[in-house]
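Please open the model in your viewer, with the sequence panel beside it, and follow the selections below in order. Each stop names what to pick and then says what is found there.

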Amino acid sequence: MKPLAHREKKLDSRAIYGCFIVHNSPTAAAAEQYRRIRNNIRIAAGKKERISLVITSPSPGEGKTTSAVNLAVSFAQRGDKVLLVDANVKNPALGQVFSIKQWPGLADGLASNMDFTETVYPTDVERLSIVPGGSHLPGAADLLDSQAMSEFLDRARNEYTVILFDCSAVLETPDAIALAGRCDGAVLVVSSGKTQQKKALEAKRLLDFGKVRILGSLLNRG
Amino acid sequence: MEDDNEVYEKAPSSRVPVKEINLKEWAAVIRRRLWIIVLTTVLLAVLGGLYSSQPEVPLYSTSARIMIPAATPEQLSTIKVFIREPVVLERVIKDSGIQRSAGGLRNQISVGSVDNSIVTIISVVDPDPALAPQIVNAVVRVFTEEVSKRMGFNGISVLTAAVESPNPAPINPPSNRALIAGIIAGLVIGLGLALLLESLDDTLRSERDLERILGVDSLGAVPKLQRKDSIGNSRRKNEYVRGEAIGS
């Protein structure tokens, strides 16, 4: 078992910059691709106007957060009202990426009777709000599959047209599958030249078993 | 998680990944594994370079031409055999007083004929450029006497005697052949290793891999962040912090 100690993910400025490539360098090839992927997600999700998605990957460190932030910004640029949620409660990174404090966030919101709006933070990107991971609470992972989570989702769906969850890896925790079951689907981030076929197939098998709809995969060459 | 694994048993995907190799993929493989090709090439080139830089004993060759007007080809062959016979060589060693064994001398001497004629060339290879012609001429002399004594054949005449060259050139000049061989072998082995590593590598690399092996639609591929994209890294990041400077 992994120790439950709160691991502070260290992100260097380049990694954080990579999260905002769509925002800062809209003409870069990577930004174009994120916009294309955004459109493809729209197509894959069908005619639905409001979509909620889980961004996950087979193993940690394959570019989930980078992809999630860039996709969130892309949706916001298109005109969607976007809520980006850090559902990686054991190892949250969004707070650091957006230079805000990590709590109160999702875990606090689900664990207490805190109002939904208190955990939502506006960002400098128009139409994009985020929910950081929140305090590290014991059993935080179980909160993701709770009644409180359903209420959180209902609230969020009313106010936002696109909800993205930056989840932990499929092979790491069961959170992503539990959460994806409540959402419209999952986007599987795969790191080119790093993700092994075996791991990817195992992740796919777990997602299939969890009856998760995989909208598609995102190949990360970064 | 573990429970899921136990409960959930499903036949593995029927999709069998097929390794298709085409030139473009080869080029990509070489580009990706360039380091291993460069490494083996440099390594073997260094080894070859060391080998060819080893000092070698320079060898000098001289030859004499003689005529053997034999009656039949058999007689000619028999007479030629005499040149390298121990009987002749031992007398040569005794007469000239050189420090060689008969067997060693035999390896130094080669006999050839010019265009199947009766003209015969006797060559000697020796590290000493002065000694080589002496050996040749001694061999010719002793051989003529022995043939005359044992076979009663007296027609052997010397066309050109061996002479010491004023500025002898070794027949084995230092060459970098080993270096070139090392470079070529390094390239071949490196390429082989690269292809081997590639075939052992089972990571996903392309959108086609994802669709073929994983059976998941590909939404797109995000290219590597270009260096030019991150020029003015800190300034750009500040733009995010300041607000909607660009974007949307």
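The tour goes through chain A and then chain B of a predicted model.

**Chain A as a whole**

Begin by selecting chain A, which has 11 helices and seven strands, and in which buried residues make up 59% of the 222 residues. Among its contacts between residues at least 6 apart in sequence, 78% join residues at least 24 apart.

**Strand β1 of chain A**

Next select residues 51-56 of chain A, which form strand β1. How many of the six residues of β1(A) are buried? Six of the six are, and the strand is thus mostly covered. In a regular strand the side chains alternate between the two faces of the sheet. With side chains displayed, A:I51, A:L53 and A:I55 can be seen to point one way, while A:S52, A:V54 and A:T56 point the other way, and both sets are buried.

**A:D86**

Move to A:D86, which is placed in strand β2 (residues 82-86) of chain A. Is this aspartate, A:D86, buried or exposed? A:D86 is buried, its relative accessible area being 0%. If neighbours within four places in sequence are left aside, the residues in contact with A:D86 include A:P92, A:A93 and A:L94, together with A:Q102, A:L106, A:V131, A:P132, A:G133 and A:D166. For a distance to draw in the viewer, take the C-alpha atoms of A:D86 and A:S168, which are 9.2 Å apart in space although 82 residues separate them in sequence.

**Two loop residues with positive phi**

Most residues other than glycine have a negative phi, and most peptide bonds are trans. Select A:S99, in the loop between α5 (94-97) and α6 (106-111) of chain A, where phi is near 50°, a positive value in a residue other than glycine; A:S99 counts as exposed, at 58% relative accessibility. Then select A:K211, in the loop between α11 (197-209) and β7 (214-220) of chain A, which is not a glycine either and has a positive phi of about 55°. A:K211 likewise counts as exposed, with a relative accessibility of 72%.

**Helices α2 and α3 of chain B**

Turn now to chain B and select residues 23-32 and 34-53, helices α2 and α3, which pack at an angle of about 65° with their axes 4 Å apart. On the α2(B) side the meeting residues are B:I30, B:R31 and B:R32, and on the α3(B) side they are B:L34, B:W35 and B:I37. The residues of this contact divide into four nonpolar, no polar and two charged.

An unreviewed UniProt entry lists residues 34-52 and 178-197 of chain B under "transmembrane region". In the model, residues 34-52 of chain B are 100% helix, with end C-alpha atoms 26 Å apart, and residues 178-197 of chain B are also 100% helix, with end C-alpha atoms 27 Å apart.

Select the four strands of the open sheet in chain B, whose order is β2-β3-β1-β4 and whose pairing is antiparallel. Strands β2 and β4 (157-160) of chain B stand at the edges with a single partner strand each, so one side of each is left without a neighbour in the sheet. From one strand to the next the twist averages 30°. Five bridges join β2(B) to β3(B), and B:S110 stands opposite B:S123 in β3(B).

Finally, select residues 73-83 of chain B, helix α4, which lies across β2 and β3 of chain B and runs at about 160° to β2(B). Which residues of α4(B) are buried? They are B:L76, B:I79, B:K80, B:F82 and B:I83. Viewed down the axis of α4(B), these buried residues fall within an arc of 145°, so they line one face of the helix. What covers them includes α5 (86-96), β2 (109-113), β3 (119-126) and α7 (131-151) of chain B.

Terms used
Residues are numbered from 1 along each chain as its sequence is written. Chains are lettered from A and ligands numbered from 1 in the order in which they are written. This is a predicted model: local features need pLDDT of at least 70, side-chain atom pairs count only at pLDDT 80 or more; totals for chains, interfaces and linings use all residues. Side-chain values use heavy atoms; hydrogens and water are left out. Axes are lines fitted to C-alpha atoms, for helices over the stretch in contact, and angles run from 0 to 180 degrees between N-to-C directions. Contact means heavy atoms within 4.5 Å. Ala, Val, Leu, Ile, Met, Phe, Trp, Tyr, Cys and Pro count as nonpolar, Asp, Glu, Lys and Arg as charged, and the others, Gly among them, as polar. Buried means under 20% relative accessible area, exposed over 50%, partly exposed in between (1.4 Å probe, protein chains only). The arc is that of the directions from the helix axis to the C-beta atoms. UniProt positions are given in the numbering used here, feature names are shortened, and annotations may be inferred rather than shown by experiment. Two strands pair if DSSP finds at least two bridges between them.
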